[in-house]
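Please look over the sequence and the fold below. A short report on selected features comes after them.

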Amino acid sequence: NWISHTSTKALVDKTFVLDIKANEGYDARACDIILKMKNNILADTIKIIQAQKYALFLNVDTIEVKSTGETITCELNSNIEYFCEINEGKDWIKRISTKGLNEFKETFEILRNHAFAPRNGSIIFRNNEKNIADTLFIIQHQVDTVFVDKKDIKATWEGGEYEVTVNMISSNPSYNFTPVTYKIIVNKAVITKDMFEVVKMD
């Protein structure tokens, strides 16, 4: 007499299918979906948080450096951690800075180029976990120099005309130097008595 039967309504499973579009932005986004009964008495909330699109890209792709060397700075737009690898030019490109928390700036020292030819380097910024990378290319100009095609001229005693061509290597690609040829005239040697010394023989 102290136990009685009470009928209950069984719980019914409902399935809701949500189509989540790709997040093309570089910030995470969130949304609340409220499920209500028709009488508005009971409700529950589903919170959806979608991760951002991961990005890592440079503000420039190539930096030209003069032959005497200089310090360069590049900026990255990134919302993930990354590491920096000097791929080409390890012996003349030196990293001298570390990244900040929000604004990513990297500074490198480019050493002097003593060669008469330009050289190329590259620096890779990479996140292996997200398989994202970008590359900075470095082009350093050669040494400016003027040179002649003949270092020595051996003239005969009769003299004569000799040609010397002067050329130039410039680090300025817009400067086209035309080789110049100079004519050098060597006069015939004149023999005078002052050129001889009288030596008394016993």
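The model is predicted. An open sheet of 4 strands runs in the order 4-10-9-6, with mixed pairing. Strand 4 and strand 6 (83-88) stand at its edges. Each has a single partner strand, so one side of each is left without a neighbour in the sheet. From one strand to the next, the twist averages 20°.

Strand 9 and strand 10 pair in the antiparallel sense, over 9 bridges. Within this pairing, Ile123 stands opposite Leu136 in strand 10. Strands of a sheet pair through backbone hydrogen bonds, and the sense is either parallel or antiparallel.

**The aromatic cluster**

Searching the whole structure gives 2 aromatic pairs. One joins Tyr82 and Phe125, with ring centres 5.9 Å apart and planes at 75°, so this pair is edge-to-face. Tyr82 sits in the loop between strand 5 and strand 6, and Phe125 sits in strand 9. The contact therefore ties together parts that are 43 residues apart in sequence. Tyr82 and Phe125 are both buried.

Phe108 and Phe125 make an edge-to-face pair too, at 6.4 Å centre to centre and 70° between the planes. This pair links distant parts of the chain: Phe108 is in strand 8 (residues 104-110), Phe125 is in strand 9, and 17 residues separate them. Phe108 has 0% relative accessibility and counts as buried. Phe125 is buried as well, with a relative accessible area of 0%. Together, Tyr82, Phe108 and Phe125 form one aromatic cluster.

**Salt bridges**

Side chains of opposite charge can pair when their charged atoms come close. The structure holds 6 salt bridges. Among them are these:

| Salt bridge | N to O distance |
|---|---|
| Asp32 and Lys47 | 3.4 Å |
| Lys105 and Glu75 | 3.8 Å |
| Glu85 and Arg126 | 2.9 Å |

Which parts do these bridges join? Asp32 lies in strand 1 (residues 29-36) and Lys47 in strand 2 (residues 43-50), so that bridge ties together parts 15 residues apart in sequence. Lys105 is in strand 8 and Glu75 in strand 5, so their bridge connects parts 30 residues apart in sequence. Glu85 in strand 6 and Arg126 in strand 9 link distant parts of the chain, 41 residues apart.

Are the partners buried or exposed? Lys47 is exposed, with a relative accessible area of 54%. Lys105 is partly exposed, with a relative accessible area of 37%. Glu75 is partly exposed at 32% relative accessibility. For Glu85 the value is 30%, again partly exposed. Arg126 has a relative accessible area of 24% and is partly exposed. The cut-off for buried is under 20%, so Arg126 at 24% does not count as buried.

**Two loop residues**

Ser67 is in the loop between strand 4 (62-65) and strand 5 (70-78). At 12% relative accessibility, Ser67 counts as buried. What does Ser67 touch, not counting residues up to four places away in sequence? The contacts are Arg112, Asn113, Gln140, His141, Gln142 and Val143.

Asn131 is in the loop between strand 9 (119-127) and strand 10 (132-140). Asn131 is exposed, with a relative accessible area of 71%. Phi of Asn131 is near 55°, a positive value in a residue other than glycine.

Terms used:
Residues numbered from 1 in each chain as written. Predicted model: local features only at pLDDT ≥ 70, side-chain atom pairs only at ≥ 80, totals over all residues. Heavy atoms only, no water. Buried < 20%, exposed > 50% of the residue type's maximum accessible area, 1.4 Å probe, protein only. Contact = heavy atoms within 4.5 Å. Pairing = 2+ DSSP bridges. Axes fitted to C-alpha atoms, helices over the stretch in contact; angles between N-to-C directions. Phe/Tyr/Trp six-rings, centres within 6.5 Å; stacked < 30°, edge-to-face > 60°. Salt bridge = Lys/Arg side-chain N within 4 Å of Asp/Glu carboxyl O.
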